[in-house]
Amino acid sequence: MPITPSHELRASLERHNKAFETLLQLIPAKYYLPQEQEDDNIGTKYQKNKKKQVAPKQAFKEATKKARRDKLDPANNKSILEIQREAAGLQDSASSNAKQKGKHKATEDEDSDDPDVEMADLSDAPRDSSTTPQAMPSYESISTVRAKLHARIDSLKKERGAPTGEPGSRDELLEEQRRKRGLLREKRRQATRERKRNEEAGKQKKSNTQERDKVPDPVTGGSSSGATNVTFSAIASSGGPAKAKKYATVADPRAALSQLNSRNEKLASLPTEKREAIEERSRWEKAEIRAEGGKVHDDPARLKKAAKRKEKEKSKSKLEWDKRKEVLAANMAAKQKKRSDNIAQRNERRNDARKGIKPKTGKARPGFEGKRTFGSKKGSESPGASPNGLHRDMLIMRYIASLRPADAATLQIVPAATWTAGSAFQSINCYSSTNLVEWKYVGALLTLQSSGDLGPSRVVERPKVKVSFEGSPSIDSQTTRQYVLYMHIDSSNYGEAKVGVATGSSVCGSYTYRGSFRPLGYESRDMGLYKDTDGTAYLLTEDRANGLRIDKLSADYLSVVSNVYTWAEKYESPAVIKSSAGVYFMFASQLTGWNTNDNMYSTSTSLSGPWSSWKTFAPAGSRTWDSQTTFVLPIGNNFIYMGDRWFSNNLMRSTYVWLPLTISGTTASMPTNYVNWVVDVNTGAMGPGPGENWYEAESASLRCSGTSAVGYIGGSGNGVLTFNNVATNAATRTTLRIKHLNGDTAQRYGTITVNGVAQTVAFLPTTDGQTPGSSVVHVNLNSGSSNTVSIAGYNGGYAADVDRLMVSR
């Protein structure tokens, strides 16, 4: 191995030393060297706020300013090498001064105010031979410190009398704990005995004080009148407990009164002298008992008042208990209903999963303003329509309950009770129509009252009016000639299950509410009415505990007189018709809560039975085209099925599904779910509706301030959506459908203008942001393509987002 020359090694070491010194110069001295303080000024962690000297305020400010200036002074930011050299220079100067003046060299701690001069010289400057290195302080080992700690702990234990030394075995420790607990228990016992002794002493002292107050010392000297003061401490009695027991009565006031009357009757049967002697002795004995603090219940008037008060308390308690039981029963019924609904939902999801039907996903976006397209479901339809193109989503149709002709030219309808966002009752309204397509609001039959069955937070459903129309559930009373309205009355938790009755002088006039009851004592929820050809009326009622029932009404139709037939099976939402062949059909829904199911029907030649087994009338698995039976309307020799399509999370969105129902012999069928269809109300003929031309909203012209989004129709920008050149072959009054999205929980309104004629349209809330709903208007169109349709807001509000316009061809 070659040997490196010494001059090369020296040069290499000097280069490394220079680089190292350069690095040291970059480190501020305050981060490298410890700053020493006077011992008196060093505070421990337990003396953070302790100050031996408090500087004046002005001095404190000046010191703060000086510290800031010094911090910014470049001369104070010295490197470690500079401080080392200064320290070395001071040491040389101090050594030379000591030799010249003959003075003793002072220690660094006494003479130097600069802590940096205490640092050892690390540079290459020559050292003074008189300077000796300072020895590092020695520290005790950990074992020594631990021994001192144990010694201190033992001394503290001795001071308080605790055992010292290392802990013994587990048994010794447990024994020591038991001994301590025993000492603690004994100490508590002694404290308890001492407290009892003090209490007894206090009671004795108090008793002595009271006796001294009762029997004062004799008054010395005479009074001015010469009388002697005499004081009696108590009345001596010879009766004692025996006399009190003799006149004791039972605690119950009514029984005590009976006991007192019995004693008085026995006393009245005795001879006069003996009776008077007993009464005199009784008065003295009772007085002695009362003087000793006892009680004698011998006042008949007070006993009667006490008995009456007791009866009131019992009656009040019984009412409270009965109310509690009713609430409990209602809560149990509501929970059972919820459980049944949940089970039905799970079963429905399982069935859908088997059929490959995926659950709906996604969350509606409130309002949907600005959404231009509506996803892949733009062309999808939700069939199920009312006649002549009147779509299921039409707002005004959602309240329909039953139809009947008021005269040859007008059909009138009594709707189900209206709702807002929940199920609470608002009103029962009446509408009229001449063609089953266009409807006019007539008035309210019953409105919300301050309390009672029609009060706030009450449930009023499925109203039916009695009118003289064969087969209708609305029946005109033949005896009183007044119209009788039946309805389902219930509490918010559906625990009452009753029917309500009201009467009026006209079909769509004001009705007087007469009250509610349970028919024949049985529950009644979903209900209907039917009047047979002989004029007899029947109540169709769901008794969940016992089954579906047919009950006969009285001659005035105001009460139920007897049961005609009861199905053992559990069904709800009943409706009865009679075919031209004399066959009765009972339509009903299975119990699946708010969820739809395959509705069933049964047939018979007599309302009293026997009835056939239940069968479906819509295709299996269609869930009756996603609806629930509410009524079947005869039109000529044909029938219209009317079903509810419920939205339980927002009942005001609920709509109706009207479809043609075919009756043949003992068979009922509803095979087709029409998007639209037509009916002739004079002949009862029914058939599919005409085709439609579609006009997309994206292709229409939009006039709107500040935005081009199709959703901003109306509002502050006063947006107007216009469809030009709308074509149709119908030069007559026809139906327009508007596909829309409304993410609100309530309906929105808009103004639609067709060929210069304006009318208001309502847009119901839609399911989500992908599935449009339909609103319907009836307008006069010109044959050809010269029609113009525009949609604007209503009263400054926004209309719904518009997807497309659908016009009959």
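Predicted model: local features only at pLDDT ≥ 70, side-chain atom pairs only at ≥ 80, totals over all residues.
1. Surface charge. K57, K61, K65, R68 and R69 come together on the surface as a patch of positive charge. One of these residues, K61, belongs to helix α2, which spans residues 57–72, and with a relative accessibility of 42% K61 is classed as partly exposed, because that class covers the range between the 20% limit for buried and the 50% limit for exposed residues.

2. Aromatic pairs, and F587 with F617. The structure contains 17 aromatic pairs. In the pair made by F587 and F617, the ring centres are 5.2 Å apart and the planes stand at 85°, so the arrangement is edge-to-face. Since F587 sits in strand β14 (residues 584–590) while F617 sits in the loop between β16 (615–616) and α11 (623–626), the pair ties together parts that are 30 residues apart in sequence. Both F587 and F617 are buried.

3. W594 with W646. These two tryptophans, W594 and W646, also form an edge-to-face aromatic pair, with 5.6 Å from centre to centre and 75° between the planes. The pair links distant parts of the chain, 52 residues apart, as W594 is found in the loop between β14 and β15 (600–604) and W646 in the loop between β18 (638–645) and β19 (655–664). As for accessibility, W594 counts as partly exposed at 29%, whereas W646, with a relative accessible area of 19%, is buried; the value for W646 falls under the 20% cut-off that defines a buried residue.

4. An aromatic cluster. Y565, W567, Y571, W611 and W614 make up one aromatic cluster.

5. K286 is buried, its relative accessible area being 18%, whereas D298 is partly exposed at 25% relative accessibility.

6. E438 with R733. The side chains of E438 and R733 meet in a salt bridge with an N to O distance of 3.0 Å. Here the link is between distant parts of the chain, 295 residues apart, with E438 in the loop between β3 (427–433) and β4 (439–447) and R733 in strand β26 (residues 733–741). E438 counts as partly exposed at 28% relative accessibility, and R733 likewise counts as partly exposed, at 37%.

7. D626 with R645. In the salt bridge between D626 and R645, the closest N and O atoms are 3.9 Å apart, a distance to be read against the 4 Å limit within which a salt bridge is assigned. The pair links distant parts of the chain, D626 being in helix α11 and R645 in strand β18, 19 residues apart. D626 is partly exposed, with a relative accessible area of 33%, whereas R645 is buried, with a relative accessible area of 6%.

Technical notes:
Residues numbered from 1 in each chain as written. Heavy atoms only, no water. Patch = residues over 30% accessible without salt bridge, like charges linked within 9 Å, V, L, I, M, F, W, Y side chains within 5 Å. Areas by Shrake-Rupley, 256 points an atom, 1.4 Å probe, with all protein chains shown as cover. Lys, Arg positive; Asp, Glu negative; His and termini not counted. Charge placed at Lys NZ, Arg CZ, Asp CG, Glu CD. Helix = DSSP H or I, 4+ residues; strand = E, 2+ residues; numbered from the N terminus. Buried < 20%, exposed > 50% of the residue type's maximum accessible area, 1.4 Å probe, protein only. Phe/Tyr/Trp six-rings, centres within 6.5 Å; stacked < 30°, edge-to-face > 60°.
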